[in-house]
Each structure stands twice: as structure tokens, then as C-alpha cells.
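Please read the points with the structure open beside you.

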Amino acid sequence: MLSDIAAVNETFGIYFLLMQLTDMAAVQAAFANEKLFPPPAAPGAVYWLRSRVARFSHGPEHAHRRALAVAEIARVDPSHAARLAVSRIAAGDSVRQAIIKAFSLVPDKCVDLIIDVAPSYFDPSRPTQSLEPLLDLLGRDEATAARIGVLVQACEATAALVDNDLVPPARTTKRVAPDGTLITLDLSELPFGAPPRECPGKDLALTIASAIVEARRDAAPNTPAAGDAATPAAGDAAISGKSSPSFAMMPRFPRNRDDQGSGHAGGTL
Ligand code: HEM
């Protein structure tokens, strides 16, 4: 019943009671409070996805779906992914494209479809045509939902971390109380959330984002405008912190259209 009310509220954006929590202890307590849950998926552009991932679930369903997401993340080796992301950017990919490719969880032809789905995942009033073709390529089971969910969560938030020089941008998240009150939680002091819903991608995100930022810094001073040394070996050197003549010759790391953020800097994660 509460789910129904909350879904209707979410669909029409109607909440009669609103509350904001900014104090860290209160935010932590709200994360831990099993009676408060994320606004459930409502009809919208990516209902199929939002209604199947941990992020918008609660109770035993949340635990089960979170385990699927954690299993997907465990398939990724952080240092390998960081190296891959750096070399993909050096080869001309956007940060979001590079992050998704670095996970090696989906074929390359899915990458742009996932990037297109991401804004709708966080705000289902934003339309997308990309989910159906993505599901045609990947299938429609729960594990696929977990995989897409992980990649969407990863590319948006990690790209924002890169854009903000490793300082997590100010964000909020939402919870609904049993009486229908919509509660906004300020994540300034808990950028990766708190148990039992803390971000399972934190370490991976920090490893990848640090490598990209470090490589950008290495490539920035006196960088020639063009070069052709976009090799994985150069990316290796950048991550290990060694200076590399071939890396210095790489093109300046591009900030492509989709590196500008999805307009969700203050939105949900
Ligand atoms: C490798 C990159 C990342 C992956 C794979 C990832 C994955 C996920 C997943 C699957 C969830 C849902 C967990 C659940 O509901 O139990 C989640 C939640 C969350 N993530 Fe991440 N994430 C990544 C990067 C980030 C970054 C860079 C930030 C912030 C700087 C972040 C902040 C959060 C927060 C605050 C939540 C909790 C949201 C809530 O429950 O309201 N994540 N993440």
C-alpha cells in the first residue's frame, strides 16, 4: 500500500510533506532505518530497469538485488579497470564511455546506449529510446538489470568525481516515510552513503577516478595538441605515477559532450 502511494507520488511529483536532513548522524540513521525506503520505481522511461535494481528496492528484495550488484562489481579488477579507462580516454573516448568499457561487463555496442539511459534512470521524466535496444542486446533477466544498474550508477557518479577533481560533488538522495513524507538526505558528509545501502562501488570508483585525474594532470602541462601515442603502456605509466614521454605526447584528454555532466549534480545517486 505504501509502495502504491509512493509510486503515485513519484509519478506525479506530489508530496504533501517534505523534510530535509542535513546532520550527518541523522542522515546515517535514515540510511539505517528500514521503515524509510527509496521512492519506488514509478511508470516512466526506464521503469523496467528501476523496478528491478537494488537502488530503488527495499526489504529482502533489496538484499537479494544488492548481492547481484555486488557480484557484478566483484568481476571487475580495479587496477586493470583503471588502466583500461585511462587508455580508452587517451584513445579518444569520453570519460563515461571509458568508465563503462573499463568494467568489461558489456559489449562495446552497448556503451552509448547505457550512457543515454543514465539520465532517465535518475530522473524518469527524462525520456530515452535506448533501454529497449539495450535489453534486446543483453537480455531481460534480473542479473542483466543489476549489470546495467551498476554501469549506470558507475558512469554518472564516477564521471562527476573526475569532473570535480576527486571531490565528491554535493548530492542528495531521497527516502519515503511510512506516512508518505518525502525526506531529502544531504550527502555532503556521507558522499558514499551509509550501511546497509552504502555504495558498493566506492573503492572501484576511487581507483578509476584517481587514475583518470592523475593521467589528466600528467598530460596537461605543455602538452602538444596532437599525438599518436595512445597506448595501454602509456596508461600504465600514468597510473603508476611514473612520467612517460609517450604519455606526454598523448592528445589532451578530451572533455566530450557527455563529459559535461547530466545536469544531476545536485540530484540522486
Ligand atoms: C564504480 C563506480 C560505482 C558503482 C559500481 C556504484 C554502484 C552503486 C550501486 C549498485 C548502488 C546501489 C546500492 C544499494 O542500493 O544497495 C550505489 C549506491 C550509492 N552510490 Fe554508488 N557506485 C559507484 C560510484 C559512486 C560514486 C563515485 C559515488 C559518490 C561520490 C557514489 C555514491 C553512492 C551513494 C550515496 C549511494 C546510495 C544511494 C542511496 O541509497 O540513496 N557511487 N552505488
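**Notes on the fold**

1. The protein chain contains 12 helices and three strands. Both are DSSP runs numbered from the N terminus: helices are H or I with at least four residues, strands are E with at least two. This is a predicted model, in which local features need pLDDT of at least 70, side-chain atom pairs count only at pLDDT 80 or more, and totals for chains, interfaces and linings use all residues. Residues are numbered from 1 along each chain as its sequence is written.

2. Of the 269 residues in the protein chain, 39% are buried. Buried means 20 or more other C-beta atoms within 10 Å of the residue's own; exposed means 12 or fewer, and partly exposed lies in between, with C-beta atoms placed from the backbone. Among contacts in the protein chain with a separation of 6 or more, 71% link residues 24 or more positions apart. A contact requires C-beta atoms, placed from the backbone, within 7 Å.

3. The largest nonpolar core has 55 residues. Ala85, Ile99, Ile114, Cys155, Ile208 and Ile212 have the most contacts inside it. At least two residues each come from H4 (59-74), H5 (78-90), H6 (95-103), H7 (111-122), H8 (131-138), H9 (142-163) and H10 (202-219). H9 gives the largest share, 13 residues. Another core, of seven residues, lies apart from it and includes Val27, Phe37, Val176 and Leu182. A nonpolar core is a set of buried Ala, Val, Leu, Ile, Met, Phe, Trp, Tyr and Cys residues joined through C-beta atoms within 7 Å.

4. Cysteine 155 deserves a look. What is cysteine 155 in contact with, leaving aside its neighbours within four places in sequence? The partners are Arg96, Ile99, Ile100, Ile114, Ile115 and Ala118.

5. H6 is largely enclosed by the rest of the structure, because nine of its nine residues are buried. They are Val95, Arg96, Gln97, Ala98, Ile99, Ile100, Lys101, Ala102 and Phe103. These buried residues pack against H5, H7, H9 and H10.

6. Now the ligand. Its shell has 26 residues, and Ala157, Thr173, Gly193, Cys199 and Gly201 are the closest. A residue is near a molecule or strand if its C-beta atom, placed from the backbone, lies within 6 Å of it. H4, H9 and H10 each supply at least two residues of the shell. H9 gives the most, with seven residues. By class, the shell holds 17 nonpolar, six polar and three charged residues. Here Ala, Val, Leu, Ile, Met, Phe, Trp, Tyr, Cys and Pro count as nonpolar, Asp, Glu, Lys and Arg as charged, and the others, Gly among them, as polar.

7. The three strands form an open sheet in the order S1-S3-S2, with mixed pairing. S1 (18-21) and S2 are the edge strands, each pairing on one side only. Direction ignored, neighbouring strands are turned by 25° against each other on average. Axes are lines fitted to C-alpha atoms, for helices over the stretch in contact, and angles run from 0 to 180 degrees between N-to-C directions. Two strands pair if DSSP finds at least two bridges between them.

8. S1 and S3 run parallel, joined by four bridges. S2 (residues 172-176) and S3 (residues 182-186) pair in the antiparallel sense over five bridges. Isoleucine 183 in S3 is the bridge partner of methionine 19, and it also stands opposite arginine 175. The hairpin of S2 and S3 has five residues between the strands, and there glycine 180 takes a positive phi near 90°. H2 (residues 24-32) lies across S1, S2 and S3, at about 125° to S3.

9. Backbone points to check. Most residues other than glycine have a negative phi, and most peptide bonds are trans. Serine 104 is not a glycine, yet has a positive phi of about 50°. It sits in the loop between H6 and H7. Leucine 166, also not a glycine, has a positive phi of about 75°. Its place is the loop between H9 and S2. Serine 104 counts as partly exposed because it has 14 C-beta neighbours inside 10 Å. Leucine 166 is partly exposed too, with 13 other C-beta atoms within 10 Å.

10. Proline 195 and proline 196 are joined by a cis peptide bond, with omega about 0°. Proline 196 is in the loop between S3 and H10.

Definitions and conventions. Contact = placed C-beta atoms within 7 Å.
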